Amino acid sequence: MTLSFYEHTFADTPTLGGGATPTGTYSNLDHVWQAAEPFMRTRMNDVHLPMTVMYAEFILDTEPDADPEVTRVAALMHDVGWSRVDGDKILTEGFRSDNFLTSDIRVEHEKHGCDIAREILPGCGYDDAFITSITDIIDGHDTRKQHHSLEDAIMRDSDRLWRFHPTGLGFSAEWFGQTPQWVLGDLTGRVMGEMITPTGRAMAEAELNSSMRILRLDIL
Ligand SMILES: [Fe+2]
Ligand SMILES: [Fe+2]
C-alpha cells in the first residue's frame, strides 16, 4: 500500500529506512556524542538524535551550500534540553495539550538545550561564533514558525523525518496517546506540509510509503 500522491519510494530515494547510508565524507563527532550523552536518555533522545543526524547527512549530500559541521552538531544537540525540564510535564504539556507545539515546556527545552550547548561545546573545541550558530538553530526549533538559514532548514527537516519511519511513528503514537492511524493523519495533514528541502520531502514520502506497508496502516 502506498499513497498515490506521494511519488517517492526507496527505489528512487536513498534514505535510512531503505538501508542506504549517506555518501558524503563527514567529520568524526564522537567527542561531541560523548559529551552530550549524559543529556540524551530523556524522551528517547538516544534514539531520536542519532537518527536525526543521519537524516541531516542524507540532506547534506544534496545541499553543498550548507555548512555540514553546524548542521550536524545542531541536529545532535537540538533536544538535549529535555533532560532539564520537569519530566512529569513532558507528555502532559509537551504532547497532549492543545498548544503542545508552543507550550511553556517546549520553550524550556529549547532554552535548556542552548545552555547545555554553551556548557559542553567549548570543551569539544568549538569557538564562540560556532556555538552561537548552534544556539541560533536550537533556540525556537519547535516554537518558531520559520527557519532563518539553510542549516536551520535542514535541521528542522531532519528532526521531523524520524516520525515518518516506523520507530518515530511508534514513539509519536505513544507520546501523543494516539493510534498509528492518528499519527498517519497528522503526518499527511500537517507535518508533510512543513517539510522544506526537496531531499527532505522526498525522504519523508519514501519513509511514509514504507511505514504504511510495514505497519499495515491500510487496516490498523
Ligand atoms: Fe525539540
Ligand atoms: Fe527533535
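**Which residues have the most contacts inside the largest nonpolar core?**

Ala74, Met77 and Ile134 have the most contacts inside the largest nonpolar core, which has 45 residues. A nonpolar core here is a set of buried Ala, Val, Leu, Ile, Met, Phe, Trp, Tyr and Cys residues joined through C-beta atoms within 7 Å. A residue is buried if 20 or more other C-beta atoms lie within 10 Å of its own, exposed if 12 or fewer, and partly exposed in between, with C-beta atoms placed from the backbone.

The elements that give two or more residues to this core are helices H1 (30–36), H2 (45–60), H3 (68–77), H5 (104–120), H6 (128–138), H7 (150–161), H9 (180–194) and H10 (198–214). H2 provides the largest share of this core, with 7 residues. Ala74 itself touches Ile134, Ile137, Ile138, Glu151 and Met155, leaving out residues up to four places away in sequence. Touching, or being in contact, means that the C-beta atoms of two residues, placed from the backbone, lie within 7 Å.

**About the model**

This is a predicted model, in which local features need pLDDT of at least 70 and side-chain atom pairs count only at pLDDT 80 or more, while totals for chains, interfaces and linings use all residues. Residues are numbered from 1 along each chain as its sequence is written, and chains are lettered from A and ligands numbered from 1 in the order in which they are written.

**The overall picture**

The protein has 10 helices and 0 strands, so its elements, from the N terminus on, read α-α-α-α-α-α-α-α-α-α. Helices (H or I, at least four residues) and strands (E, at least two) are DSSP runs, numbered from the N terminus. The radius of gyration is 17 Å, close to the 17 Å that the globule rule gives for 220 residues, so the protein is as compact as a globular protein of that length. That radius is taken over C-alpha atoms, and the rule is 2.2 Å times the number of residues to the power 0.38.

Along its principal axes, the C-alpha trace spans about 50 × 40 × 30 Å. Of the 220 residues, 39% count as buried. Among contacts with a separation of 6 or more, 77% are between residues 24 or more positions apart.

**The region listed by UniProt**

An unreviewed UniProt entry lists residues 52–161 as "domain: HD". The positions are given in the numbering used here, feature names are shortened, and annotations may be inferred rather than shown by experiment. Over residues 52–161 the chain is 59% helix and 0% strand, and the end C-alpha atoms are 7 Å apart.

Asp157 is found in helix H7. Asp157 is buried, with 26 other C-beta atoms within 10 Å. Leaving aside neighbours within four places in sequence, Asp157 is in contact with Ile59, Met195, Ile196, Thr197 and Gly200. The C-alpha atoms of Asp157 and Ala204 are separated by 9.0 Å, although these residues are 47 apart along the chain.

**Helices H8 and H10**

H10 is mostly covered, with 12 of its 17 residues buried, including Thr199, Gly200, Ala202 and Met203. Among what covers the buried residues of H10 are H2, H7, helix H8 (166–176) and H9. At 1.5 Å a residue, the 17 residues of H10 should span 24 Å, and its end C-alpha atoms are 24 Å apart, which agrees. The expected span is 1.5 Å times one less than the number of residues in the helix.

In H8, the buried residues are Gly168, Leu169 and Ser172. They cover an arc of only 105° around the axis, which puts them on the same side of H8; the arc is that of the directions from the helix axis to the C-beta atoms. H9 and H10 are among what covers these buried residues. Just after H8, Gly177 takes a positive phi of about 70°. The C-alpha atoms of Gly177 and Thr92, 85 residues apart along the chain, are separated by 9.9 Å; Thr92 is found in helix H4 (residues 89–94).

**Positive phi values in a loop**

Most residues other than glycine have a negative phi. Arg43, in the loop between H1 and H2, has a positive phi near 55°. Arg43 counts as buried, with 20 C-beta neighbours inside 10 Å. Met44 lies in the loop between H1 and H2 and has a positive phi of about 60°. Met44 is partly exposed, with 16 other C-beta atoms within 10 Å.
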